[in-house]
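Hi there,

Here is the structure I promised to pass on. Have a look at it first, and then read my notes below.

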Amino acid sequence: MRIPAHSVCTAIRDDIVSGAYERGGRLTEELLARRYGVSRVPVREALRTLEAEGFVVTRRHVGACVAEPTEREAADLLEMRLLLEPLGASRAAQRRTEAHLKVLRGLVRLGQERARQGHSDDLRSLGGWFHETLAQASGSPALASALIRLRHRIGWMYEVRGTRDPVECWSEHGAVVDAVVRGDGERARAVMALHAERAATAHRLRFTEGADAAERADRAARPASVRNAQHPVNTPSLRS
């Protein structure tokens, strides 16, 4: 049975974001197909999608490689997020559905409960679901797609450090949802802008520029190393 290309794309993207493939390493269709238990056709399609998203680059005489973003590119992504997330919250206040509100309220309730209990391991995934749901509630597929891609790429390039109080963070999430429920776009925009600015201060780059030419050439000449084994794509546990 042919595996959908989007499932392969998700699996490769998740492995790139987690650091399973090193920056600059080659991504050969044959090895990826074997790794994820699929044919080369969905792998080829997935690599094209990931190149459009900025995770993969195609180099002459080498082929597909994991991208090597610069510090400036990484900083641009954070700035874009500061601009787009408030817009998304404002649009959500105007266009959200009852289904969106139900999910957002449930996530805030659960996130605030976990934050009070100190269950930090759950909060990152809950935060991701919250922001993705809010983006989808904007009623703009283009804006939602841009925001979700930004979050994926920022998660790849940055790690979150700092001492932000999780209770305070989820209180801000709750304030955003309150504004969205009331249909107050300006309030939703303002609260999200403050939340995004505070969150940005906790982000630290996972990499620094300055790798020498010999190291880059060595990485480009060999397949990307895989640090952590993941499940094959054609198993029930794959996250879509």
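**What I found**

H61 is exposed, with a relative accessible area of 76%. You can find H61 in the loop between strand 1 (56-59) and strand 2. What makes H61 worth a look is its backbone: H61 has a positive phi of about 70° although it is not a glycine. For background, most residues other than glycine have a negative phi.

Before you go on, please keep in mind that this is a predicted model.

**The overall layout**

The chain has 240 residues, and 42% of them count as buried. There are ten helices and four strands in the chain. Reading from the N terminus, the order of elements is α-α-α-β-β-α-α-α-α-β-α-α-β-α. Now take the contacts between residues at least 6 apart in sequence: 78% of these join residues at least 24 apart.

E71 is found in helix 4, and at 33% relative accessibility it counts as partly exposed.

**The nonpolar cores**

Which residues touch the most other members of the largest nonpolar core? They are I12, I16, Y21, L27, L32 and V56, out of 29 residues in that core. Two or more residues come from each of these elements: helix 1 (5-18), helix 2 (29-36), helix 3 (40-53), strand 2 (63-66), helix 4 (71-95) and helix 7 (141-157). Helix 1 gives the most, with five residues.

If you skip its neighbours within four places in sequence, V56 is in contact with I16, L27, L47, L50, E51, A64, C65 and A67. There is also a second, separate core of 21 residues, and L107, A115, F130 and V180 are among its members.

Is S90 buried or exposed? S90 is buried, because its relative accessible area is 2% and buried means under 20%. S90 lies in helix 4, and apart from its neighbours within four places in sequence, S90 is in contact with G185, A188 and R189.

**Helix 4 and helix 8**

Helix 4 also meets helix 8 (residues 166-182). Here the axes come within 7 Å and cross at roughly 40°. Helix 4 and helix 8 are therefore oblique to each other, and the crossing is right-handed. The contact is made by A89, A92 and A93 of helix 4 together with V176, A179 and V180 of helix 8. By class, the contact of helix 4 with helix 8 has six nonpolar residues, no polar ones and no charged ones.

**Helix 6 and helix 7**

The last pair I looked at is helix 6 (residues 120-136) with helix 7. Their axes come within 8 Å and cross at roughly 160°. Helix 6 and helix 7 are therefore roughly antiparallel to each other, and helix 6 passes helix 7 in a right-handed crossing.

From helix 6, the residues that take part are G127, G128, H131, E132, A135 and Q136. They meet A144, L147, I148, R151 and H152 in helix 7. By class, the residues of this contact divide into four nonpolar, five polar and two charged.

Methods
Residues numbered from 1 in each chain as written. Predicted model: local features only at pLDDT ≥ 70, side-chain atom pairs only at ≥ 80, totals over all residues. Heavy atoms only, no water. Core = buried A, V, L, I, M, F, W, Y, C linked by side-chain atoms within 4.5 Å. Buried < 20%, exposed > 50% of the residue type's maximum accessible area, 1.4 Å probe, protein only. Contact = heavy atoms within 4.5 Å. Axes fitted to C-alpha atoms, helices over the stretch in contact; angles between N-to-C directions. Parallel < 35°, antiparallel > 145°, perpendicular 65-115°, else oblique. Left-handed = near helix turned anticlockwise from the far one by under 90°. Nonpolar A, V, L, I, M, F, W, Y, C, P; charged D, E, K, R; others polar.
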